[in-house]
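Here is a short briefing for a first look at this structure. Keep the model open beside the text and find each residue as it comes up.

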Amino acid sequence: MSQVSAGTMVEVMVRMQQQHNDEVHLAWRDQGFEYYRAIWVECAELLDHFGWKWWKKQATDVDQVKLEIVDIWHFGLSDLMRAQRLDESVSNRLAALSSGGRHDAEAFRQAVEALAQTTLTKQAFDLQPFLDVMVALPM
């Protein structure tokens, strides 16, 4: 089985995201869509599916957590594309992603909250907090 480089994977994702965004709105790059808002709302949904309520028993819905992370990536990738902030460093940082060993639930929740906060503060997608979520993912 051949391995696909991170650069190639990002190129494929960009091409597919471009196609999808064009289907939603041909002038999506110029519409000022609030991707940052979509990201922090997805962060809240992710936490609901992961569980955070200390006052009641909750079971983590792993599949839904992963789906929310994918949703965040779609919005983040769109924001990077629109802002022309996609370069080789994105592929390199994704390729360097590895398990950080901090696989506990609270570290994951804090990483998700940091992503939401950074997104709200900058009103743009910042790759590093997203990568931190991926590293902290306790699955």
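The count of salt bridges comes to five. The model is a predicted one.

**Salt bridges**

- Side chains of opposite charge can pair when their charged atoms come close.
- Asp 79 and Arg 85 meet through their side chains in a salt bridge, at 3.1 Å from N to O.
- Asp 79 is buried, at 5% relative accessibility. Arg 85 is partly exposed, at 35%.
- Asp 79 and Arg 85 also belong to a network with Arg 82, joined by salt bridges that share partners.
- Asp 126 and Lys 122 form another salt bridge, with 2.9 Å between N and O.
- Lys 122 counts as exposed because its relative accessibility is 51%, and exposed means over 50%.
- Glu 34 pairs with Arg 37, and here the closest N and O atoms are 4.0 Å apart.
- Both ends of that pair are partly exposed: Glu 34 has a relative accessible area of 38%, and Arg 37 has 39%.

**The largest nonpolar core**

- In soluble globular proteins, nonpolar side chains tend to be buried together.
- The largest nonpolar core here has 29 residues.
- Which members touch the most other members? They are Leu 46, Ile 69, Ile 72, Phe 108, Leu 115, Phe 125 and Phe 130.
- Helix α3 gives the largest share, seven residues.
- Ile 72 shows how these members meet. Leaving out residues up to four places away in sequence, Ile 72 touches Leu 46, Leu 115, Phe 125 and Phe 130, along with Ile 39, Glu 42 and Cys 43.

**A buried glutamine**

- Gln 17 sits in helix α1, which covers residues 6-24.
- Is Gln 17 buried or exposed? Gln 17 is buried, because its relative accessible area is 6% and buried means under 20%.
- The side chain of Gln 17 makes a polar contact of 2.6 Å with the side chain of His 74.
- Beyond its neighbours within four places in sequence, Gln 17 is in contact with His 74, Leu 77, Ser 78 and Met 81.

**A nonpolar patch on the surface**

- Trp 40, Val 41 and Leu 120 form a nonpolar patch on the surface.
- Together they have about 230 Å² of accessible area.
- Val 41 belongs to helix α2, residues 35-50.
- Val 41 is partly exposed, with 34% relative accessibility.

**Two loop residues with positive phi**

- Gln 84 lies in the loop between α3 and α4.
- The phi of Gln 84 is near 55 degrees, a positive value in a residue other than glycine.
- Gln 84 is exposed, with a relative accessible area of 72%.
- Gln 123 lies in the loop between α5 and α6.
- Gln 123 is not a glycine either, yet its phi is positive, at about 50 degrees.
- Gln 123 counts as partly exposed, at 48% relative accessibility.

How values were computed: Residues are numbered from 1 along each chain as its sequence is written. This is a predicted model: local features need pLDDT of at least 70, side-chain atom pairs count only at pLDDT 80 or more; totals for chains, interfaces and linings use all residues. Side-chain values use heavy atoms; hydrogens and water are left out. Patches are made of residues with over 30% relative accessible area and no salt bridge: like charges are joined within 9 Å, nonpolar side chains (Val, Leu, Ile, Met, Phe, Trp, Tyr) within 5 Å. Accessible areas come from the Shrake-Rupley method with a 1.4 Å probe; for residues, only the protein chains shown count as cover. Helices (H or I, at least four residues) and strands (E, at least two) are DSSP runs, numbered from the N terminus. Buried means under 20% relative accessible area, exposed over 50%, partly exposed in between (1.4 Å probe, protein chains only). A nonpolar core is a set of buried Ala, Val, Leu, Ile, Met, Phe, Trp, Tyr and Cys residues joined through side-chain atoms within 4.5 Å. Contact means heavy atoms within 4.5 Å. A polar contact is a pair of N or O atoms within 3.5 Å; within protein, one must be able to donate a hydrogen and the other to accept it, and residues adjacent in sequence count only if both atoms are side-chain atoms.
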